[in-house]
Amino acid sequence: MEDRFAMVGIRSAPAAKPERRRRRSLPLPSVLLLAVIVLGCLCCELFIPKDPAYMDLFHYTQAPDSEFWFGTDTMGRDVFSMIWYGGRVSLCIGFLATLISTTIAVVFGSISGLAPRWLDDLLMRFTEIVLSIPSLLLVVLIQAILGKANVLSISLVIGVTGWTSIAKVVRTEVRRIRNSEHVIAARCMGAGFFRILWKHLAPNFFSSIMFMVVMNVRSAIVAESTLSFMGIGLPLEVISWGSMLSLSEKALSSGAWWIILTPGAFLVVTMLCITNIGNALRRNVSRKESNL
């Protein structure tokens with residue numbers, strides 16, 4: 001009897017379908033491939049065949065073979081071992097710089113969002129000035145002031161120059177939710193700035209900046225590689241994907257294509273995986289906002 005009163009052309013979608021679509025939208029190949037690269041770099045001591053810093057002068061610039069799977073560089077170092085060991089340094093710089101930039105952006109953007117109108121305008125004008133300066137120019141300038149580059153200084157320099165875009169999004173989200181009941185109640189009860197930020201503000205805007213945080217990891221790794229390629233990044237004795245690419249001039253002059261191809265391929269694949277994950281997170285945020 002109930003079927004007689006069913007409206008034609010209207011079907012109720014099963015509740016499990018949106019969840020299935022969400023799962024299908026996840027870039028599982030990118031996640032798995034990135035996980036393999038990250039785990040391989042973290043656990044490289046378990047399987048790398050040679051010391052990545054050892055200079056075998058009897059086998060310098062040797063093409064890939066059964067002993068040296070990815071060949072050797074101009075100083076006789078095993079490229080296969082260097083790739084995994086150097087990837088750890090590049091990923092460490094990427095995550096550390098992103099942690100620094102995200103912390104600065106969240107604190108700065110929250111202060112601007114909660115501040116009076118005149119102070120908010122002043123802070124945003126400062127942000128736009130910093131944003132208008134090419135980030136690479138700022139990185140080179142600050143690194144020249146700090147002196148010789150190392151992992152911590154490179155991470156700090158990249159971190160303090162890559163916070164502006166996230167800060168503007170955080171400021172917008174904080175201004176949207178600062179007059180909500182739970183935030184006003186916390187302020188009336190005397191809660192401090194960082195408690196309000198941690199307990200009431202961050203849970204509401206973190207999903208909106210998550211894809212930007214992921215993209216900042218990619219930008220930091222690219223910035224480190226660019227600096228090393230230009231000769232102002234990590235020194236050659238500190239193995240990273242960027243410092244390996246800095247040997248490209250010698251590699252091209254000697255015809256050792258594997259010295260450039262291998263770190264370049266790992267760098268490109270890692271960047272593509274991070275980009276796919278970031279784009280998926282952005283689509284999820286847009287889908288949630290459209291459903292509100």
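**S101.** I looked up S101 and found it in helix α3 (residues 79–114); helices here are DSSP runs of H or I with at least four residues, numbered from the N terminus. S101 counts as buried because its relative accessibility is 3% (buried is under 20% relative accessible area, exposed over 50%, partly exposed in between, with a 1.4 Å probe and protein chains only).

I then checked its partners. Leaving aside neighbours within four places in sequence, S101 is in contact with G159, G162, W163 and N216 (contact: heavy atoms within 4.5 Å). With N216 there is a side-chain to side-chain polar contact at 3.2 Å (N or O atoms within 3.5 Å, one able to donate a hydrogen and the other to accept it; residues adjacent in sequence count only if both atoms are side-chain atoms).

**Ground rules.** This is a predicted model, where local features need pLDDT of at least 70 and side-chain atom pairs pLDDT 80 or more, while totals for chains, interfaces and linings use all residues. Residues are numbered from 1 along each chain as its sequence is written, and side-chain values use heavy atoms, without hydrogens and water.

**Confidence.** I noted a chain average pLDDT of 81, with 89% of the residues scoring at least 70 (pLDDT is the predictor's confidence in each residue, 0 to 100).

**M230.** My last stop was M230, which lies in helix α9 (residues 193–230). M230 counts as partly exposed because its relative accessibility is 46%.

Technical notes: Helix = DSSP H or I, 4+ residues; strand = E, 2+ residues; numbered from the N terminus.
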